[in-house]
Amino acid sequence: IKDIMIDISTGTIEYVVIEFGGFLGIGEKYFAVPFRLLSMDTKKESCILDQEKETLQKAPGFDKDHWPKTNSHDFSTSASYW
């Protein structure tokens, strides 16, 4: 998880930004994923996104140098993909 986006009117987590792929800081793809799709593994102290690797490879995303405006809610429609 690279970032957490919070709805400031409700105080709830709307989505998380996750990183996928790349090597040594080159070629990573970032995704805005609705928080409800994550499950928590308290024993391993980690978050789990139960998606196939191919799903992430095909998913719409953005790169580390071109983040969307966080107050625009552009990714509120990310749920339509996931």
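## Pairing of S1 and S2

Asp3 has Val17 in S2 as its bridge partner. The strands S1 and S2 pair in the antiparallel sense over five bridges, where two strands count as paired if DSSP finds at least two bridges between them. Strands are DSSP runs of E with at least two residues, numbered from the N terminus. This is a predicted model, in which local features need pLDDT of at least 70 and side-chain atom pairs count only at pLDDT 80 or more, while totals for chains, interfaces and linings use all residues. Residues are numbered from 1 along each chain as its sequence is written, and side-chain values use heavy atoms, with hydrogens and water left out.

S1 and S2 form a hairpin with four residues between them. Gly11, in the turn, has a positive phi of about 75 degrees.

## The sheet

Three strands make up an open sheet, ordered S1-S2-S3, with antiparallel pairing. S1 and S3 are the edge strands, each pairing on one side only. On average, neighbouring strands of this sheet are turned by 25 degrees against each other, direction ignored; the axes are lines fitted to C-alpha atoms, and angles run from 0 to 180 degrees between N-to-C directions.

S2 and S3 pair in the antiparallel sense over six bridges. Phe20 stands opposite Lys29 in S3. Five of the six residues of S3 are buried, so S3 is largely enclosed by the rest of the structure. Buried means under 20% relative accessible area, exposed means over 50%, and partly exposed lies in between (1.4 Å probe, protein chains only).

## Ile4 and Val16

Ile4 lies in strand S1 and Val16 in strand S2. Their C-alpha atoms are 4.5 Å apart, with twelve residues of separation in sequence. Ile4 is partly exposed, at a relative accessible area of 42%, whereas Val16 is buried, at 1%.

Contact means heavy atoms within 4.5 Å. Beyond its neighbours within four places in sequence, Ile4 is in contact with Ile13, Tyr15 and Val16. Val16, not counting residues up to four places away, touches Ile1, Asp3, Ile4, Phe31, Ala32, Val33, Phe35 and Leu38. Val16 and Lys2 are 14 residues apart in sequence and 7.5 Å apart in space, C-alpha to C-alpha.

## Nonpolar surface patch

Ile1, Ile4, Ile6 and Ile13 make a nonpolar surface patch of about 350 Å². Ile6 is found in strand S1, which spans residues 3-7. Patch residues have over 30% relative accessible area and no salt bridge; nonpolar side chains (Val, Leu, Ile, Met, Phe, Trp, Tyr) are joined within 5 Å, like charges within 9 Å. A salt bridge is a side-chain nitrogen of Lys or Arg within 4 Å of a carboxyl oxygen of Asp or Glu. Accessible areas come from the Shrake-Rupley method with a 1.4 Å probe; for residues, only the protein chains shown count as cover.

## Glu28 in the S2-S3 loop

Glu28 is found in the loop between strand S2 (12-20) and strand S3 (29-34). Glu28 is buried, with a relative accessible area of 13%. Leaving aside neighbours within four places in sequence, Glu28 is in contact with Glu19, Phe20, Gly21, Gly22, Asp63 and Lys64.
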